[in-house]
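Subject: Structure for your review

Dear colleague,

Please find below the structure that I promised to hand over. My notes on it follow directly after it.

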Amino acid sequence: MVAVGPRKLLWRLAEVVDVVPETPRTKSLVLDAPGWEGHRAGQHVDVRLTAEDGYQAQRSYSIASAPEEERLVLTVDRLDDGEVSPYLTDVLTVGDRLELRGPIGGYFVWDAADGGPLVLVAGGSGVVPLMAMIRHRAAVGSDVPTRLLYSSRSYEEIIYREELEDFAARDGSLEAIHTLTRSAPKGWDGYDRRIDARMLSEVAWTPEERPLAFVCGPTPLVEEVGTALVGLGHDPGRVKTERFGATGG
Ligand SMILES: Cc1cc2nc3c(=O)[nH]c(=O)nc-3n(C[C@H](O)[C@H](O)[C@H](O)COP(=O)(O)OP(=O)(O)OC[C@H]3O[C@@H](n4cnc5c(N)ncnc54)[C@H](O)[C@@H]3O)c2cc1C
């Protein structure tokens, strides 16, 4: 008898077929990944770069595209002092190839059949796996009541702003609520501070409504929001978190 172990993730080559600027610092890489077996909304891939001298660097990137889409899309935020992200946003072009493996992660995932209501809380590029959930929700015609609370430094840095506006305009059961932490345009009447318990109490449904919460972004934001949601009385078993990095803000 042959023992069947966990599926081993193999590195594969994917080709960049489009590069889409999202914000001044952020680009989406549209990839053709032959043999890709599909993914669930919220999962990520590992990307590996190899220099000519053999030096390798590896980072995780969430999948931005819905499982229903043909192409795999990653959205990368450039950290100016970073090793990998400036290469992905500024150097990589159409026709280039990169190594990736995945999909990875079975906990921070949402399928329309999981229901809701949903509260999605993001900081910066933490919106990427949540966008996969929003795109999946739209692709299958789900009307699960959904609120996205999204913290960005400025209006220009809101990733997917127009697509979120379009989704919300077409679908009364989806709301995108923004907070801008560093600068806001003249006349801005939305939130203009970091996400706190008061903001969550206004946006994140009530504990009695038993929302499913997905929180993603820089580690300090994720920890603060997770703690605040539980402090407000939400079931810790329905609050899922994913941390993107040590610093940020
Ligand atoms: C599961 C998972 C999914 C992720 N998905 C995405 C994604 O969809 N899009 C995306 O842009 N990034 C994502 N990240 C972050 C990504 O993996 C890298 O950490 C990020 O691109 C920085 O890599 P770098 O090589 O450019 O910077 P590094 O050379 O690793 O770091 C440079 C500097 O930036 C700081 N830093 C590292 N990571 C972050 C961060 N995330 N935020 C703020 N400061 C940081 C470091 O402390 C250091 O000072 C994800 C991380 C995880 C764990």
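In helix 5, the buried residues are Leu-221, Val-222, Val-225, Ala-228 and Leu-229. These residues span an arc of only 140° around the axis, which places them on the same side of helix 5. The arc is taken over the directions from the helix axis to the C-beta atoms. As background, an α-helix has 3.6 residues a turn, so residues three or four places apart point the same way. A residue is called buried if 20 or more other C-beta atoms lie within 10 Å of its own, exposed if 12 or fewer do, and partly exposed in between, with C-beta atoms placed from the backbone.

Please note that this is a predicted model, in which local features need pLDDT of at least 70, side-chain atom pairs count only at pLDDT 80 or more, and totals for chains, interfaces and linings use all residues. Residues are numbered from 1 along each chain as its sequence is written.

Helix 5 comprises residues 219-231, and its 13 residues reach 18 Å from the first C-alpha to the last, close to the 18 Å expected at 1.5 Å a residue. The expected span is 1.5 Å times one less than the number of residues. Helices (H or I, at least four residues) and strands (E, at least two) are DSSP runs, numbered from the N terminus. The buried residues of helix 5 pack against strand 7, strand 8, helix 4 (197-203), strand 10 (212-217) and strand 11; contact requires C-beta atoms, placed from the backbone, to lie within 7 Å. Gly-233, which follows helix 5, has a positive phi near 105°.

Several of these strands belong to an open sheet of five strands in the order 9-8-7-10-11, with parallel pairing. Two strands are said to pair if DSSP finds at least two bridges between them. Strand 9 (174-180) and strand 11 (239-243) stand at the edges with a single partner strand each, so one side of each has no neighbour in the sheet. From one strand to the next, the twist averages 10°; axes are lines fitted to C-alpha atoms, for helices over the stretch in contact, and angles run from 0 to 180 degrees between N-to-C directions. Within this sheet, strand 7 (residues 118-123) and strand 8 (residues 146-152) are joined in the parallel sense by six bridges. Ala-122 stands opposite Tyr-150, and Gly-123 has Ser-151 as its bridge partner. Strand 8 is mostly covered, with six of its seven residues buried.

The chain is divided into domain 1 (12-104) and domain 2 (112-243), with bounds from an automatic or database domain assignment. The centres of the two domains, taken over C-alpha atoms, are 24 Å apart. Their contact takes 17 residues from domain 1 and 15 residues from domain 2. On the domain 1 side, the elements that give two or more residues are strand 1 and strand 5 (72-77).

A second topic is the antiparallel sheet, an open arrangement of six strands in the order 4-3-6-1-2-5. Strand 4 (56-62) and strand 5 are at its edges, each with a single partner strand, so one side of each is without a neighbour in the sheet. The twist here averages 40° from one strand to the next. Strand 6 (residues 97-104) pairs with strand 1 (residues 12-23) over four bridges; Arg-12 stands opposite Leu-100, and Leu-13 has Glu-99 as its bridge partner. Four bridges also join strand 6 to strand 3 (residues 44-50), again antiparallel, with His-44 opposite Ile-104.

A cis peptide bond joins Gly-102 and Pro-103, with omega about 5°, and Pro-103 lies in strand 6. Another cis peptide bond joins Gly-116 and Pro-117, with omega about 0°; Pro-117 is in the loop between strand 6 and strand 7. Tyr-160 is not a glycine, yet has a positive phi of about 65°. Tyr-160 counts as buried, with 24 C-beta neighbours inside 10 Å. Arg-210, in the loop between helix 4 and strand 10, has a positive phi near 50° and is partly exposed, with 13 other C-beta atoms within 10 Å.

With kind regards

Methods. Two residues are in contact if their C-beta atoms, placed from the backbone, lie within 7 Å.
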